[in-house]
Amino acid sequence: MKRALTILLSNPLSVVGLTLVTFVVLTALLADFISPYPEHAGAVVDFLNANKPPSAEYWLGTDVVGRDQLSRIFYAYRVSLGLGVVVLAIAVPIGVTVGLVAGYLGGWADYVLMRITDVFLSIPPLVLALAIMGLLEPTLLNGMIAVTAMWWPWYARLVYNITRAQKVEGYVLAAEVIGAGKLHIIFREILPNCMPSIITKMTLDFGFVILIAASLSFLGLGVQAPTPDLGSMVSEGTRYLPDSWWLTVFPGIAILIAVFGFNLIGDVLREVLDPDL
Amino acid sequence: MTAQPILSAHNLTRDFRVGKRTIRAVDDISFDVQKGECLAIVGESGSGKSTVANMILGIHPPTSGTLSFHGEELPVKRTLLHREKIQLVQQNPLSSLNPRRSIAASLRLALDVHKHGTRGERPQMVQKLLEEVGLDPSFANRSPSALSGGQRQRVAIARALACQSEVVVLDEPTSALDVLVQARILRLLDDLRTMHGLTFIFITHDLSVVRNIADRVAVFQYGKLVELADTEALFENPTEEYTRSLISAVPVVSTEEVELRGRLSKTEAADGGVESPGA
């Protein structure tokens with residue numbers, strides 16, 4: 001742990017990443033306390049202050065119904081991070097289990113599980129999400145279902161390949177010869193050796209999930225009003241470009257900060273967690 | 001011999017399919033292993049010696065023929081008891097220990113699976129096992145990457161002991177180690193064999209190692225057993241042409257070298273069998 005921190009802090013890129021991610025997480029967690037106008041997260045209308053450019057009172061300006069953009073971005077982070085946590089918390093265990101079981105057991109389990117995975121992988125993710133959102137109602141819950149459905153196969157592929165490589169290692173043979181059960185071998189022997197890659201991919205994916213959630217709501221299929229969401233903020237703001245530039249630019253930068261931060265950490269984390277280093 | 005062999009192979013055959021062709025890796029081999037002896041299996045790569053080992057361990061089922069343990073036929077699907085009694089030490093100590101689990105966890109697995117001792121006793125049993133193979137008990141909490149090749153091989157041997165096995169298949173256990181460490185590991189194996197009454201099946205291509213440790217030698221060529229004899233007899237008077245060519249391929253040691261070895265081994269004995277943690 002101490003070694004991991006040393007490596008993270010010795011690399012300027014990861015320091016930037018760590019700072020950005022810390023900023024995003026803190027603002028999301030503390031949105032209630034640090035937002036200048038916490039009530040603006042909901043359906044508040046203040047036409048007197050509508051569409052104001054950035055000022056001392058409203059740092060990032062106000063939207064078309066007069067809500068503080070800064071406060072709404074903080075709350076939007078909360079929604080994005082929540083979405084990321086839920087999607088990965090569901091998609092990763094499913095994908096990892098599928099990959100481990102298919103990779104270790106081989107035979108028909110491999111064939112059936114990996115062909116299902118291939119089918120999911122062959123559909124463009126955004127199209128699948130759009131299809132699912134079209135079939136179901138465009139709510140936050142359905143958005144999560146859609147994003148989860150297209151996320152797990154990538155973990156299945158990743159873990160499957162690692163498992164295939166680990167399966168021929170001597171320690172797996174040793175455990176088999178000792179008489180350890182399949183569950184032990186899969187989850188206690190092989191899984192720990194997949195963890196560095198899984199954690200690295202999760203960090204990178206956190207940014208992508210935020211991005212794809214923003215894309216979906218940009219298209220009007222994600223988070224619904226009045227819940228603040230970065231994608232829908234950008235989407236609504238485009239109608240008022242170029243005059244009210246702050247409506248699109250600031251939520252856009254907010255997306256960039258989050259995605260960029262997670263990507264930077266992910267890249268360095270790969271080095272930190274690699275057991276051979 | 002009058003005593004019942006601990007392990008015997010009867011007309012053991014194993015085929016592998018490579019594309020459309022079938023390759024006979026092991027061809028109609030029969031042999032007996034007596035309790036407490038060390039049977040060496042030698043031969044070139046591809047001679048079928050590792051395939052025999054895999055069949056003894058139950059990794060591959062034989063295509064035909066049978067194996068029996070204490071006179072009882074070994075089933076294709078091994079029971080936990082068979083797993084416990086027939087163990088393996090692999091060639092490559094780098095890969096035989098899980099890099100993500102501690103030494104203690106690797107040893108605990110054998111104790112847990114075979115329910116040796118109570119849960120509370122097992123940490124102490126791990127410490128005892130480490131001492132038995134000449135490692136400091138403080139190694140328990142280390143990861144394999146903190147150990148040298150020889151130290152890792154000692155852990156692998158401790159794992160076979162943890163199972164309380166009767167037969168240990170040693171698949172080239174010293175060929176990945178440097179010469180000095182090799183000698184120490186062989187000495188350790190020999191000591192453990194006497195102490196625990198273990199039976200060894202020692203697979204190797206190194207005839208000089210065979211001479212040091214084996215009671216009998218089985219020579220394999222192209223999947224067939226070409227010669228099976230006592231070690232001394234085999235080296236003194238090999239009956240088969242192939243065995244003769246294997247023996248003549250061993251580097252010759254001159255009398256000067258023998259004397260030098262005698263002198264050096266005294267100094268080596270002084271610094272003890274335990275390797276320094278950094279070695």
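Reply: A:Leu221 is placed in the loop between H9 and H10 of chain A; helices (H or I, at least four residues) and strands (E, at least two) are DSSP runs, numbered from the N terminus. This is a predicted model, in which local features need pLDDT of at least 70 and side-chain atom pairs count only at pLDDT 80 or more, while totals for chains, interfaces and linings use all residues. Residues are numbered from 1 along each chain as its sequence is written, chains are lettered from A and ligands numbered from 1 in the order in which they are written, and side-chain values use heavy atoms, with hydrogens and water left out.

Leaving aside residues up to four places away in sequence, A:Leu221 touches A:Leu130, A:Met133, A:Pro138 and A:Leu216, where contact means heavy atoms within 4.5 Å. A:Tyr104 is 117 residues from A:Leu221 in sequence, and their C-alpha atoms are 39 Å apart in space. The C-alpha trace of chain A spans about 75 × 45 × 30 Å along its principal axes.

The peptide bond between A:Leu241 and A:Pro242 is cis, with omega at about -5°, and A:Pro242 lies in the loop that runs between helix H10 (230-237) and helix H11 (246-273) of chain A. The other detail is a salt bridge between the side chains of A:Asp32 and A:Arg78, 3.7 Å from N to O; the term stands for a side-chain nitrogen of Lys or Arg within 4 Å of a carboxyl oxygen of Asp or Glu. Because A:Asp32 is in helix H3 (residues 31-34) and A:Arg78 in helix H4 (residues 69-105) of chain A, the pair ties together parts that are 46 residues apart in sequence. Over all chains, the rule gives 20 salt bridges.

Next comes the interface. Here 20 residues of chain A are in contact with 21 residues of chain B. The buried area between the two chains is about 1600 Å², with 59% of it from carbon and sulfur atoms; buried area is the accessible area (1.4 Å probe) that two parts lose on being put together, summed over both. One salt bridge is found across the interface of chain A and chain B, and B:Arg101 and A:Glu189 make a salt bridge through their side chains at 2.9 Å, N to O. Ten residue pairs, both members at pLDDT 80 or more, are in polar contact between chain A and chain B. A polar contact is a pair of N or O atoms within 3.5 Å; within protein, one must be able to donate a hydrogen and the other to accept it, and residues adjacent in sequence count only if both atoms are side-chain atoms. On the side of chain A that touches chain B, helix H8 (170-178) and helix H9 (182-218) of chain A each supply at least two residues. H8(A) gives the largest share of that side, eight residues.

Chain B contains sheets. In one open sheet of six strands, the order is S6-S7-S8-S3-S9-S10 (chain B), with mixed pairing; two strands pair if DSSP finds at least two bridges between them. Strand S6 (86-89) and S10 of chain B are the edge strands, each pairing on one side only. Strand S3 (residues 38-42) and strand S8 (residues 199-204) of chain B run parallel and are joined by five bridges, and B:Ile41 has B:Ile203 in S8(B) as its bridge partner. S9(B) and S10(B) form a hairpin with two residues between them, and B:Tyr222 in the turn has a positive phi of about 45°.

A second open sheet, of four strands, has the order S2-S1-S4-S5 (chain B) and antiparallel pairing. Its edge strands are strand S2 (21-33) and strand S5 (72-73) of chain B. Strand S4 (residues 64-69) of chain B is joined to S5(B) by two bridges, and B:Phe69 stands opposite B:Glu72 in S5(B).
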